[in-house]
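Student: Could you take me on a close look at a single part of this structure? I would like to start from one residue and then see how the two chains meet.

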Amino acid sequence: MIFGAIDFAQPWVLLLLPLAALPLLRRRRDTLLFPTLDWLPRDRAGRVAGFAWRALAVLALAGIVIALAGPGSPETTVTRTGRGAEIMILMDRSRSMDAKMKPSDWRTIDPHSMLYQVESRGEPKSAVARDLLSKFVEQRPDDRFALMFFSAGPMNVVPFTQHDAVVQAGITAGGLGRGLSDTNVGRALTAAIDTFTERAYTGSRIILLVTDGGAHLDEPTRKRIREGLQANRIALHWLYLRTLNAPELDAEASAPPPAADGDSMEAIEVRNAYYAQESIAEVSLHRFFQSLPVTYRLYQADSPEDLAKAVAEVGRQQNFPLDFEERVPRQDHSRLFFSLAALCCALLLVYRSLLLRSWL
Amino acid sequence: MSAADELHEFHYRLPQRAAGQRPGSHPGSSLGAGQEFVSHMSLYDRPDPRRLDLRASVRSTTGDWLVRVNRQRVGVTVQLLVDVSASMGFGARRRKIDVAADFVESLARSAFRVGDALGMLAFDQRERADLCVPATLSRGLGSVMADSLRQCTPAPGGIEGLEDALQQLIGREALVFLVSDFHWPLDRLGAALDLLSHAFVVPVIVWDPAETEPPPHDAIAPLRDAESSVRRTLFMRPKLRTQWRDAVAARRAELDAFLSARDLRPFFIHGAFDAEAMSDYFFEATA
């Protein structure tokens, strides 16, 4: 039963509402007999008090009845406009993410003791990434985030929401326990793309892939990823957390396939060099991403500082207005009416304690 | 004060001469067996040889036998006019109507002792026939009248009831006790009292202490007028208490002024009837 913006859970209780008129009945026992009022002074404060207790009693009864009827605002959907993007954080949960990052002063460290230094002073990649992502989410209240972990398979943790607390809780939950065994980027990306498929396009979309390792994707997977990203117009950002001794995705790795043809030794050398690099999983993935028809950005991070810069870069990139519908669940207002009734009853008790009930 | 041993009688005399034949205790205008000498009369005109005054007869120039003629003291009719309207049903400890019944009992005793006939008329909106007692000289009538007053249920009334009841007393010579709280408009009361010009009227004003004195502590008092059922809520506080007392004093002064303009003196009963005070009232009136 809906009246305007208010609906009632038990509308039949409103039949009791006429009971609220009971205090308006003028009963003789409410008053004290006096021989003549002519010689008593007229008292404005008294008249206000006499009116007030009636009003309080009516309010108290009406409040209780209305509260029992369970008023609430019905479930609605609200169109909100945010600035920012829909960002799907696709985070690697594999064991390699537990490895340490280079400390921030790694450039000054003797390369021979680098391994030792990293092991002793570095922070785990997943912890740094979670920390930064958490800040990133915090700084961008207008964005809608979704969170998905993956290792051997995707784990959908938080669907798209603007309630940052949920996202933060999801990110924190990623720190529980040790990493899982495998890294399957292909399945994860497909699942991440699928979450966008059923959604109306309301603003720029990003998949933020946070991982330290690449993968060789087979041709069907590549096709699905390419088509999915293109159909849903999703930009892909890769936060590449580079481990010590992992390949660097530099200009050489990003180079297009060589145009060298023929059987000359030089051409064969060039092609061999290219395909040798292609056999490295990270380079292979990077090259595949570069070949995608959508925006692709790589943020390579060796140390926590690099990662912070990369995250800030993502933040700068995406700042467009975004329209989306939000479902507001039914809100119960009976507590408000109960407290109103309780307040009225308390005031009535005060009134009663002040009441003159006998001439003696 | 329902027990008979607590009954206090009071002394009352009419301050003026009353015409009446029945011997009693009030100064009368008829001649007869009394202490008050009036004149000598011829024995032939007044053949009462017991009163023969030899000394005066010898001195008489006409040679008549002279007899002393005295004025006789007379008994009068005492009429009670009792207001039994709803306002008389008020009272913190005892209803005002119960206090009035005490007074009636005391008056009945006193009237019997001096040999006056006592009758009662009661009224609220109109005359209450059920409470009417014709004037008689019966000894036990006082408690009957008092009990009937104590047991009657007060109903809303007004000055109309007084005017109605007064019709029976117009032109009668009597001692009238008008027992009420006098919450009446004074202009109509004046016209009503003028009907009693032949009688000696004692306005007995019964007020309850709760009526004249506001409650001592601060409180919200929802009040209802006994007669009109009009409601008014007072927030009792020092300022209002002062106003209350001032209003009571003003009403009292107004009643005093109004009654003394008609040569009447009100007798106030506050909470309980005091027979001594009533005696004093009559001593002052006859002095």
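Tutor: Happy to! Let's begin with Asp181(B), which sits in the loop between strand 7 (175–180) and helix 5 (186–194) of chain B. Helices (H or I, at least four residues) and strands (E, at least two) are DSSP runs, numbered from the N terminus. Before we go on, some background: this is a predicted model, where local features need pLDDT of at least 70, side-chain atom pairs count only at pLDDT 80 or more, and totals for chains, interfaces and linings use all residues. Residues are numbered from 1 along each chain as its sequence is written, chains are lettered from A and ligands numbered from 1 in the order in which they are written, and side-chain values use heavy atoms, with hydrogens and water left out.

Is Asp181(B) buried or exposed? Asp181(B) counts as buried because its relative accessibility is 1%; buried means under 20% relative accessible area, exposed over 50%, and partly exposed in between (1.4 Å probe, protein chains only). Its side chain makes a polar contact of 2.7 Å with the side chain of Ser87(B), and another of 3.5 Å with that of Ser180(B). A polar contact is a pair of N or O atoms within 3.5 Å; within protein, one must be able to donate a hydrogen and the other to accept it, and residues adjacent in sequence count only if both atoms are side-chain atoms.

Leaving out residues up to four places away in sequence, Asp181(B) touches several others, including Lys96(B), Trp207(B) and, from the other chain, Pro35(A). Contact here means heavy atoms within 4.5 Å.

That last neighbour leads us to the interface. The contact takes 35 residues from chain B and 28 residues from chain A. Among the polar features, 13 residue pairs are in polar contact between chain B and chain A (both at pLDDT 80 or more). On the chain B side, strand 9 (219–225) is one of the elements that each supply at least two residues, and strand 9 gives the most, with 7 residues.

Strand 9 of chain B also pairs with strand 3 (residues 32–34) of chain A, in the parallel sense over 3 bridges; two strands pair if DSSP finds at least two bridges between them. There, Leu32(A) stands opposite Leu223(B).

Finally, look for Arg237(B), which forms a salt bridge with Asp43(A), the closest N and O atoms being 3.1 Å apart. A salt bridge is a side-chain nitrogen of Lys or Arg within 4 Å of a carboxyl oxygen of Asp or Glu. By this rule, there is 1 salt bridge across the interface of chain B and chain A.
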